[in-house]
Amino acid sequence: MQVHVADHPLISHKLTVLRDRTTDSPTFRRLADELVTLLAYEATRDVRVEPVDVTTPVADTHGVRLSEPRPLVVPILRAGLGMLEGMQRLIPTAEVGFLGMVRNEETLEAVTYAERLPEDLTGRQCYVLDPMLATGGSLSMAIDFLVQRGADHITAITLLAAPEGVQRLESDLADVDIPISLVTAGMDERLDENGYIVPGLGDAGDRLYGVVD
Ligand code: PRP
Ligand code: URA
């Protein structure tokens with residue numbers, strides 16, 4: 001798996017404000033949205049395009065357009081929803097599939113409670129959105145869904161990742177023979193005893209949308 005940690009002062013600045021415990025939800029949502037658009041620029045470096053002719057007001061020339069089938073963007077509910085608009089801003093014609101997953105906070109295992117993806121993903125490039133890669137259970141399961149349906153190129157975009165999660169993905173996906181990459185705004189130190197990223201930003205879903213139960 002190819003891992004890219006974005007190194008840009010604007011990304012670091014926005015991430016620092018996002019981490020701050022005093023940042024309120026509206027500001028958190030806006031920053032998450034802005035960060036994704038910046039990360040998407042890097043994450044879509046290999047998006048497939050095909051040649052096309054174009055006539056400018058001055059002359060005929062050659063350009064490119066996004067290939068068919070269009071890329072599929074897959075936010076992992078709940079927190080991944082906070083990254084969808086930022087991604088769509090960069091690829092407005094992408095299709096969107098949804099995965100609902102929640103981590104059991106005792107076992108730290110991910111459970112899938114919703115799935116709305118095209119049945120056949122043969123030849124599709126997929127972009128999975130989830131702000132946090134902690135133990136890696138959620139992202140590993142999400143990527144497995146896409147691989148089983150035939151996706152042939154998968155990029156995960158996260159705001160923060162923990163080394164433990166990256167290791168888990170690398171081991172879970174060792175036998176997968178399609179290109180898989182991770183683009184993240186930050187690689188943090190470790191997980192704490194509750195499976196939270198340290199220093200992290202807390203519970204991304206709660207900070208975006210409020211505390212449930
Ligand atoms: C959070 C986060 C990831 C997952 C990461 O979701 O958005 O999906 O935890 O943890 P993992 O790498 O250990 O699997 P959560 O389960 O809190 O659900 P939510 O998005 O509905 O808040
Ligand atoms: N999920 C979160 O929202 N934050 C973490 O630090 C770990 C998992």
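Trainee: What distance separates an oxygen atom of ligand 1 from a polar backbone atom of Gly136?

Mentor: A polar contact is a pair of N or O atoms within 3.5 Å (within protein, one must be able to donate a hydrogen and the other to accept it, and residues adjacent in sequence count only if both atoms are side-chain atoms). Here the backbone atom of Gly136 lies 2.9 Å from an oxygen atom of ligand 1, a polar backbone atom of Ala134 is likewise 2.9 Å from a ligand 1 oxygen, and a side-chain N or O atom of Arg78 is 3.1 Å from an oxygen of the ligand. Taken alone, ligand 1 exposes 500 Å², of which the protein buries 92%, with accessible areas from the Shrake-Rupley method and a 1.4 Å probe, only the protein chains shown counting as cover for residues.

Mentor: Residues are numbered from 1 along each chain as its sequence is written, while chains are lettered from A and ligands numbered from 1 in the order in which they are written. This is a predicted model, in which local features need pLDDT of at least 70 and side-chain atom pairs count only at pLDDT 80 or more, whereas totals for chains, interfaces and linings use all residues, and side-chain values use heavy atoms, with hydrogens and water left out.

Trainee: Which residues of the shell are closest to ligand 1?

Mentor: A residue is near a molecule if one of its heavy atoms lies within 4 Å of it. For ligand 1 there are 15 such residues, the closest being Arg103, Asp130, Ala134, Thr135 and Ser138. By class, this shell holds 6 nonpolar, 5 polar and 4 charged residues, where Asp, Glu, Lys and Arg count as charged, Ala, Val, Leu, Ile, Met, Phe, Trp, Tyr, Cys and Pro as nonpolar, and the others, Gly among them, as polar. Strand 6 supplies the largest share, 3 residues.

Trainee: Where does ligand 1 sit?

Mentor: Ligand 1 takes up the space of the largest pocket, since sitting there requires more than half of a molecule's atoms within 2 Å of the grid points. On a 1 Å grid over the protein atoms alone, a pocket is an open set with protein on both sides within 12 Å along at least five of seven lines, a cavity is a set of points where a 1.4 Å probe fits but cannot get out, and lining residues have an atom within 4 Å of a point. This pocket holds about 720 Å³, and among its 30 lining residues Val102, Arg103, Glu105, Asp203 and Gly205 lie nearest the centre. The lining divides into 15 nonpolar, 8 polar and 7 charged residues.

Trainee: Which residues surround ligand 2, and where does ligand 2 sit?

Mentor: Ligand 2 takes the space of the largest pocket, and its shell consists of Arg103, Met132, Ala134, Gly195, Tyr196, Ile197, Gly202, Asp203 and Ala204. Backbone N or O atoms of Ile197 and polar backbone atoms of Ala204 supply contacts at 2.8 Å to oxygen atoms of ligand 2, while a backbone N or O atom of Gly202 lies 2.8 Å from a nitrogen atom of ligand 2. Alone, ligand 2 exposes 240 Å², and the protein buries 88% of that.

Trainee: Which residues line the largest cavity?

Mentor: Phe28, Ala32, Ala79, Gly82, Met83, Pro131, Leu159, Ala204 and Leu208 line it, giving 8 nonpolar, 1 polar and no charged residues.

Key. Helices (H or I, at least four residues) and strands (E, at least two) are DSSP runs, numbered from the N terminus. Grid points are joined across faces, edges and corners, and a volume is the space filled by probe spheres set on the points.
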